[in-house]
Amino acid sequence: MREWGGFLLALLAALALWYSLRERAPVVERAVSVPLRVLGLEGEKVAEGVPKEVLLRLRGPAPLVEGTPPVSAYLDLSGVEGAFAREVRVAVPQGVEVLEVRPARVEGRVEAVLSRTLPVEVLAQGAWVETEPAFVEAKGPRSQVEGAVVALGLDLGGEEVALTAFGPEGPLPGVELIPPRVRLVAREAPLFRKEVPLVFRPPEGFRVEDYTPKTLEVVGPKEALEGLKEVEARPQGGFRPGVVEGPLLLDLPPGVRALGQVLGRVRLALQ
């Protein structure tokens with residue numbers, strides 16, 4: 001019992017000293033930014049439109065306001081579905097007055113969290129790059145994740161590239177990418193696309209009366225495509241009188257390839 005009595009006397013003495021210092025301390029005003037916590041969200045939901053921080057203007061005894069004051073700001077979204085407009089609440093020590101909260105009111109929207117897979121695309125000057133992985137998981141508010149089309153990065157010459165989710169109108173900062181970075185496993189010279197005429201040169205004794213397609217799209221190094229004026233083709237089954245349909249064999253320069261398998265139709269006649 002004596003220990004408890006001593007403890008209580010020490011506690012009262014400490015409180016009296018704190019109160020005395022508080023009363024004697026000068027009163028000051030100070031602006032401080034604090035994180036804005038979101039409370040009350042249930043399940044896989046996220047609040048859109050909520051700032052990360054709020055600015056508080058405080059007044060009180062210098063020991064309680066200066067340095068890192070024990071204050072917090074939070075937004076209570078208990079039971080909220082869809083759009084909301086809520087006041088920012090602030091918790092401060094006794095004796096500290098909140099003069100201003102900026103913003104004092106937050107408008108936003110509570111949305112379900114959605115996940116989906118996005119392809120990775122890395123922009124590289126003068127090169128084509130291959131990444132590992134080639135796809136990443138996008139997670140965030142449904143409205144943003146549904147609008148995301150690609151995880152985009154910029155090759156700065158390192159071994160890894162940081163990614164950002166992009167939609168048709170620009171970046172989507174509310175979308176988290178998992179993983180947020182990818183490894184570059186290969187760099188190659190860029191490929192260019194070109195449309196060139198397709199020609200058939202049958203052996204002597206045959207005449208080409210008609211054929212499709214008339215042109216062909218190919219990709220390859222810029223230097224190889226600049227000198228390519230046409231591409232010669234022949235039916236995979238060979239030339240013969242009548243109509244020949246099916247895959248075509250193409251005479252392409254090294255490093256140049258057609259976009260996908262090329263199917264054709266040739267009508268041949270005997271001369």
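Figure 1. Glutamate 29 forms a salt bridge with arginine 57, and the closest N and O atoms are 3.2 Å apart; the term requires a side-chain nitrogen of Lys or Arg within 4 Å of a carboxyl oxygen of Asp or Glu. The pair links distant parts of the chain, with glutamate 29 in strand E1 (residues 27-39) and arginine 57 in strand E3 (residues 53-61), 28 residues apart. Strands (E, at least two residues) and helices (H or I, at least four) are DSSP runs, numbered from the N terminus. Residues are numbered from 1 along each chain as its sequence is written, and side-chain values use heavy atoms, with hydrogens and water left out. Because the model is predicted, local features need pLDDT of at least 70 and side-chain atom pairs count only at pLDDT 80 or more, whereas totals for chains, interfaces and linings use all residues.

**Figure 2. The open sheet of seven strands.** The strands follow the order E17-E22-E20-E19-E16-E18-E21, and their pairing is mixed, where two strands pair if DSSP finds at least two bridges between them. Strand E17 (206-212) and strand E21 (257-258) stand at the edges with a single partner strand each, so one side of each is left without a neighbour in the sheet.

**Figure 3. Strand E16 between its two partners.** Strand E16 (residues 192-200) pairs with strand E18 (residues 215-220) in the antiparallel sense, over six bridges. Along this pairing, glutamate 195 stands opposite glutamate 217 in E18, and proline 197 has threonine 215 of E18 as its bridge partner. With strand E19 (residues 231-235), E16 pairs in the parallel sense over three bridges, and here phenylalanine 200 stands opposite alanine 233 in E19.

Figure 4. The side chains of arginine 201 and glutamate 232 meet in a salt bridge, at 3.4 Å from N to O. Arginine 201 lies in the loop between E16 and E17 and glutamate 232 in strand E19, so this pair ties together parts that are 31 residues apart in sequence. Arginine 201, at 45% relative accessibility, counts as partly exposed, and glutamate 232, at 30%, also counts as partly exposed. A salt bridge of 3.3 Å, N to O, joins the side chains of arginine 267 and glutamate 209. This pair links distant parts of the chain, since arginine 267 is in strand E22 (residues 263-270) and glutamate 209 is in strand E17, 58 residues apart.

**Figure 5. A nonpolar surface patch that includes leucine 156.** Leu123, Leu154 and Leu156 make a nonpolar surface patch of about 330 Å²; patches are made of residues with over 30% relative accessible area and no salt bridge, like charges being joined within 9 Å and nonpolar side chains (Val, Leu, Ile, Met, Phe, Trp, Tyr) within 5 Å. Accessible areas come from the Shrake-Rupley method with a 1.4 Å probe, and for residues only the protein chains shown count as cover. Leucine 156 is placed in the loop between strand E11 (150-154) and strand E12 (160-167), and its relative accessibility of 74% means that leucine 156 counts as exposed.

Notes
Buried means under 20% relative accessible area, exposed over 50%, partly exposed in between (1.4 Å probe, protein chains only).
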